[in-house]
Amino acid sequence: LVATPKVKQFVQSHFNCPTLQGAELENEGGSGTQWSHWEEALFYDEIMTGLQSGSQRAVLSKLTLALLEDSGWFMPDYSFAGYLGFGAGA
């Protein structure tokens, strides 16, 4: 679970659930995927999911930009984020 402030704010808004504590990480796959990518079952369209079942996946969403901002390594311009439709408002 990634529970940084901006990530937590994003998932609460995205799933319309104010009690969520953060974004889940992938719990399957090999050492290069497990615990180092967003959970595909929740963020299927996101480019930072680690599994390849979605060949059209190409969304760099506000979720990944939020993590970059919370890390302190990057100040993103959220206007360039793609729309993450999968799971929205669930």
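**Aromatic pairs and a surface patch**

A search of the whole structure finds three aromatic pairs. Rings of Phe, Tyr and Trp (its six-membered ring) count as a pair if their centres lie within 6.5 Å; planes under 30 degrees apart are stacked, over 60 edge-to-face, and the rest tilted.

This is a predicted model: local features need pLDDT of at least 70, side-chain atom pairs count only at pLDDT 80 or more, and totals for chains, interfaces and linings use all residues. Residues are numbered from 1 along each chain as its sequence is written, and side-chain values use heavy atoms, with hydrogens and water left out.

Back to the three aromatic pairs. Phe 15 and Phe 43 form a tilted one, 5.6 Å centre to centre with 55 degrees between the planes. Both residues lie in the loop between α1 and α2, so the pair ties together parts 28 residues apart in sequence. Helices here are DSSP runs (H or I, at least four residues), numbered from the N terminus. Phe 15 and Phe 43 are buried, meaning under 20% relative accessible area; exposed is over 50%, and partly exposed is in between (1.4 Å probe, protein chains only).

Tyr 44 and Phe 86 have ring centres 5.5 Å apart and planes at 45 degrees, so that pair is tilted. Tyr 44 is in the loop between α1 and α2 and Phe 86 in the segment after α2, so parts 42 residues apart in sequence are tied together. Tyr 44 is partly exposed at 26% relative accessibility, as is Phe 86 at 35%.

Ring pairs also link Phe 15, Trp 38 and Phe 43 into a cluster.

Last, Met 48 sits in the loop between α1 (5–14) and α2 (62–71). At 35% relative accessibility, Met 48 counts as partly exposed.

Terms used:
Helix = DSSP H or I, 4+ residues; strand = E, 2+ residues; numbered from the N terminus.
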